[in-house]
Amino acid sequence: SSGRSRCVARAGRVVVRARDLESLRLYARRCLELVWWCENAASLGVHTTALVQGDMLGGGLESALAHHTVIMERSAQAGYPEVLFNLFPGMGGWNLTIRKAGLAVANDMVLSGQIYTAEQLQRRGLVEYVADDGAGEVLLDGHVRAMEPRFRGTIAALQARRVAAPIAYESLQTIIDHWAATAMGLSNRDMRLMERLARA
């Protein structure tokens, strides 16, 4: 999964370098499909949990926050560094962070480019559980088992949450189109910094 994510991110950087706006929009929509599937999972009777065992930056954090529950191992870090190379999280980051943690937290995270520890993200309400390194899978298994007796109620509550705090597909599409257009203006310096962060 992490290897596939790196390949997708690399493909995005290649398309940006080629200044191919239509291909970049297509790339962004493909990334958005994962977020949107997770957003609709409860209506399909599915509860989703993300287990994070390494650092997740930008799109990695967006894809994790799309899940109903996020578990991070203690040494993992996450953030939205895009502003450092004159971009912003375009695949649901604003919407998902605002819904889980509020506008003030989303503003701080997106506009600072700061990287946060698992504990910091848990305090902000973006991560439900922090596990010791190497214990994430055990915690995940325990979480799934504990949910089993209340699974139907949890799914029903999550369906109601989508009504109470909706994320519109049209909003996500508008943001990715704006993201793609902004990416077309990245300088060579921005691209080099983006690639350096991706390698790190």
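This is a predicted model: local features need pLDDT of at least 70, side-chain atom pairs count only at pLDDT 80 or more; totals for chains, interfaces and linings use all residues.
## The parallel sheet S1-S3-S6

A further open sheet consists of three strands in the order S1-S3-S6, and here the pairing is parallel. Strand S1 (49–52) and strand S6 (129–131) are the edge strands, each pairing on one side only. Direction ignored, neighbouring strands of this sheet are turned by 20° against each other on average. Strands of a sheet pair through backbone hydrogen bonds, either parallel or antiparallel.

S1 and S3 are paired in the parallel sense over four bridges, and Ala-50 has Val-70 in S3 as its bridge partner. S3 and S6 also pair in the parallel sense, over three bridges; there, the bridge partner of Glu-73 is Ala-131 in S6.

His-68 is placed in the loop between helix H3 (59–65) and strand S3 (69–73). Is His-68 buried or exposed? Its relative accessibility is 8%, and because this value is under 20%, His-68 counts as buried.

A polar atom of the His-68 side chain lies 3.0 Å from the backbone nitrogen of Thr-48. Leaving aside residues up to four places away in sequence, His-68 touches Cys-38, Ala-41, Ala-42, Val-46, His-47, Thr-48, Glu-128, Leu-158 and Arg-161.

## Arg-161 in helix H8

Arg-161, one of the residues touched by His-68, is found in helix H8 (residues 151–164). With a relative accessible area of 30%, Arg-161 is partly exposed. Beyond residues up to four places away in sequence, its contacts are His-68, Arg-99 and Pro-166.

How far apart are Arg-161 and Leu-32 in sequence and in space? The two residues are 129 residues apart in sequence and 20 Å apart in space, C-alpha to C-alpha. Leu-32 itself takes part in the contact of H2 with H9.

## The packing of H2 against H9

The axes of helix H2 (residues 21–39) and helix H9 (residues 169–183) come within 9 Å and cross at roughly 145°. This crossing of H2 and H9 is right-handed.

On the H2 side, the residues in contact are Leu-21, Leu-24, Arg-25, Tyr-27, Ala-28, Arg-29, Leu-32 and Trp-36. They meet Tyr-169, Leu-172, Gln-173, Ile-176, Asp-177, Trp-179, Ala-180, Ala-181 and Ala-183 in H9. By class, this contact of H2 with H9 has 13 nonpolar, one polar and three charged residues.

Definitions and conventions
Residues are numbered from 1 along each chain as its sequence is written. Side-chain values use heavy atoms; hydrogens and water are left out. Helices (H or I, at least four residues) and strands (E, at least two) are DSSP runs, numbered from the N terminus. Buried means under 20% relative accessible area, exposed over 50%, partly exposed in between (1.4 Å probe, protein chains only). A polar contact is a pair of N or O atoms within 3.5 Å; within protein, one must be able to donate a hydrogen and the other to accept it, and residues adjacent in sequence count only if both atoms are side-chain atoms. Contact means heavy atoms within 4.5 Å. Two strands pair if DSSP finds at least two bridges between them. Axes are lines fitted to C-alpha atoms, for helices over the stretch in contact, and angles run from 0 to 180 degrees between N-to-C directions. A crossing is left-handed if the near helix is turned anticlockwise from the far one by less than a right angle, and right-handed if clockwise. Ala, Val, Leu, Ile, Met, Phe, Trp, Tyr, Cys and Pro count as nonpolar, Asp, Glu, Lys and Arg as charged, and the others, Gly among them, as polar.
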